[in-house]
Amino acid sequence: DGGSGQIFYVTPGYQLIGLDAATGRRLSSFGTDGIVDLKQNMDQDIDLVTGEVGLHAAPIVAGDTILVGAAHLPGSAPRTLENVKGHIRGFDARTGERKWIFHTVPGADEFGNDTWLNESWRYTGNTGVWGQMTIDVELGIAYFATEMPTNDYYGGHRHGDNLYSDTLVAVDLETGERLWHYQFIHHDVWDWDLPCAPILVDITVDGREIKAIAQPSKQTWLYVFDRVTGEHIVTTRYGATSNWASHIRESGSPNPHPDKEAIIPGALVSPVEGGVANWQPPAFSPDTGLFYTQENNGFNLLYLTELDPRGSMGLGGKDRITVGSGGNALSAIDYRTGETAWRHAWPIGGGGGAGVLTTAGGLVFTGDGSGNFVAFDAADGDLLWHTRIGNISNAPQTYLIDGRQHVLVASGRQLYAFVMY
């Protein structure tokens, strides 16, 4: 609107702050003196001091709407089967007023409530969005991928498919109305949610141009959908060792293997708890038609134990032992075939934890997990360049200054900028 710009962020205390970008002063017209308390107006009772809800990712703004997700404490051993529900909200970017709310645990009269048996929707929490969300401004659609419900590894108190847990949801940006959804895991008891931000891609399938969306996952699968209709296009495996799913259903979602849950004698399960991929952003190149993602391949022994002394709702605990690694790698996946076009295996102990950036110049930047910042040829995976700066986690960024392209990357407490010739 010709102003000096605005900055919105969420504090550790779960307050949405609006600032004038030029002065750093709070926006007096936004919320209460520039602050919106996110523990209020969430359609549930939350203690304003002790309520365990916050946000790891940045809020996302498009048009006059700010989208805010919800994150919770690690849920491996919650003190009770009850928890704050991680509903998603849209706020007016000028006033801070709530425009809409999407109930990730559906209420009594809402679609999906029947997937929570024995009225478990009343007390079950979590099911938030702790990763980054994505918006298609042209279509006016917001996309977010949710986590599992309370508790991460035990679902005996929440029978049913538990919609909208582990689900990619598309909503109208202005109203929050659900347009379509896709649930990846029905009744998650592995903590294999969807922390990666969905990726908007325009692709061609059988000669048809499709506005698509790709969702990486911890689970070892990359999913691609029509982002307008929600039609499933392809499910592609990119992990080398995953054994937790017996097969892929016709719908494109994995069918969990009955022997790959925590049991008293122990079950050998892959991937590890953090998943084949986690929150670190993957990337897509429209020039090569390839997705680029890190792989973290490994095995756990999962044990069902006696009551966890930290408190796990009196329902038993879970223990795990990491028993081996299948090695880590950077993979380039062709969405048209589902095949891996190329794969670069990292040295033992490296890789698996860095975001990825692709450029129109045909490069892929990432970290190798051994302290090096590296660049590959996007088409064939040839290693072209590297420099030792320490490990990175988030994806690098690129920008132009005076016609020269730069790459910016963070390592530890330092920022490094490189010029591309």
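What follows is a chat about the labels and the values behind them.

Modeller: Ground rules first: this is a predicted model, where local features need pLDDT of at least 70 and side-chain atom pairs count only at pLDDT 80 or more, while totals for chains, interfaces and linings use all residues. Residues are numbered from 1 along each chain as its sequence is written, and side-chain values use heavy atoms, leaving out hydrogens and water.

Biologist: Fine. Why is Thr 127 called buried?

Modeller: Buried means under 20% relative accessible area, exposed over 50%, and partly exposed in between, with a 1.4 Å probe and protein chains only. Thr 127 has 0%, so it is buried.

Biologist: And what makes Asn 118 exposed?

Modeller: Its relative accessible area is 67%, so it lands in the exposed class. Asn 118 sits in the loop between strand S7 (98-102) and strand S8 (134-136), and Thr 127 is found in the loop between S7 and S8 too. Strands here are DSSP runs of E, at least two residues, numbered from the N terminus.

Biologist: Which peptide bonds are cis?

Modeller: Among them are the bond from Leu 163 to Tyr 164, with omega near 10 degrees, and the bond joining Ser 270 and Pro 271, with omega about 15 degrees. Tyr 164 lies in the loop between strand S9 (141-145) and strand S10 (167-172), whereas Pro 271 is in the loop between strand S18 (267-269) and strand S19 (283-285).

Biologist: Why is the pair of Trp 385 and Phe 418 called edge-to-face?

Modeller: Rings of Phe, Tyr and Trp (its six-membered ring) pair if their centres lie within 6.5 Å; planes under 30 degrees apart are stacked, over 60 edge-to-face, and the rest tilted. The structure holds 24 aromatic pairs. For Trp 385 and Phe 418 the centres are 5.5 Å apart and the planes at 75 degrees, so the pair is edge-to-face. It links strand S26 (residues 383-388), which holds Trp 385, to strand S29, which holds Phe 418, 33 residues apart.

Biologist: Is Trp 385 itself buried, exposed or partly exposed?

Modeller: Trp 385 is at 34% relative accessibility, so it counts as partly exposed.

Biologist: What about Gln 414, and why does that residue get its class?

Modeller: Gln 414 comes out at 47%, so it is partly exposed. This residue is in strand S29 (residues 414-419).

Biologist: Where does the side chain of Asn 243 reach?

Modeller: The side chain of Asn 243 reaches the backbone oxygen of Leu 268 at 3.2 Å. Asn 243 is found in the loop between strand S15 (232-237) and strand S16 (245-248).

Definitions and conventions: Helices (H or I, at least four residues) and strands (E, at least two) are DSSP runs, numbered from the N terminus. A polar contact is a pair of N or O atoms within 3.5 Å; within protein, one must be able to donate a hydrogen and the other to accept it, and residues adjacent in sequence count only if both atoms are side-chain atoms.
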